[in-house]
Amino acid sequence: MGIGTIIKRLFQAVGCLGLLVMFSFAGLSSYASHVERDPEARARLEAAGEAVEHKVDEDAGFLANLGVLLSAWWNSDEHYAEKQREDALKAKAKEERRKAAEERRFNTTVPSSDNDYYAESTKRD
């Protein structure tokens with residue numbers, strides 16, 4: 001193989017690498033603008049980020065952490081569904097606590113200034 005062929009192949013490789021970087025940058029910026037506009041996509045990305053927080057090791061190599069991040073992004077649908085279930089359970093528990101507090105508030109016989117209902121005190125004759 002002559003020196004001219006090696007230089008020619010080197011320029012081709014650099015050109016292909018440049019095109020790959022350019023298309024990757026365009027795709028990532030397009031995805032980033034999509035995430036900014038769509039609240040559901042933002043929520044999916046946040047759920048994936050929360051799921052991977054404890055898995056990223058600062059001492060691990062770049063490729064290991066990149067693999068963990070890509071895995072979390074790939075499974076973001078599952079993480080988002082799990083987060084929605086947790087939020088629904090929290091909302092249900094909050095509603096039950098509110099109902100229980102309301103029940104206690106109106107079913108007490110002790111007069112209190114924070115109640116809307118005042119129990120009758122002793123009658124004067």
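Trainee: Is His79 buried or exposed, and what is its relative accessible area?

Mentor: This is a predicted model, in which local features need pLDDT of at least 70 and side-chain atom pairs count only at pLDDT 80 or more, while totals for chains, interfaces and linings use all residues. Residues are numbered from 1 along each chain as its sequence is written, and side-chain values use heavy atoms, with hydrogens and water left out.

His79 has a relative accessible area of 18% and is therefore buried; buried means under 20% relative accessible area, exposed over 50%, and partly exposed in between, with a 1.4 Å probe and protein chains only. Buried residues make up 10% of the 125 residues in the protein chain.

His79 lies in helix α4, which covers residues 76-106. Helices are DSSP runs of H or I with at least four residues, strands are runs of E with at least two, and both are numbered from the N terminus. The protein chain has four helices and zero strands, in the order α-α-α-α along the sequence.

Leaving aside residues up to four places away in sequence, His79 touches Ala47, Ala48, Ala51 and Ala72; a contact means heavy atoms within 4.5 Å. Glu78 also belongs to helix α4. With 55% relative accessibility, Glu78 counts as exposed. The C-alpha atoms of Glu78 and Ala48 are 8.7 Å apart, although 30 residues separate the two along the chain.

Let us turn to helix α2, residues 39-52. The axes of α1 and α2 are 5 Å apart and form an angle of about 105 degrees; axes are lines fitted to C-alpha atoms, for helices over the stretch in contact, and angles run from 0 to 180 degrees between N-to-C directions. The two helices, α1 and α2, are therefore roughly perpendicular to each other, a term for angles of 65 to 115 degrees. In their contact, Tyr31, His34, Val35, Glu36 and Arg37 of α1 meet Pro39, Ala41, Arg42 and Leu45 of α2.

Tyr31 is part of helix α1, residues 3-37, and is partly exposed because its relative accessibility is 34%.

Conventions
Parallel < 35°, antiparallel > 145°, perpendicular 65-115°, else oblique.
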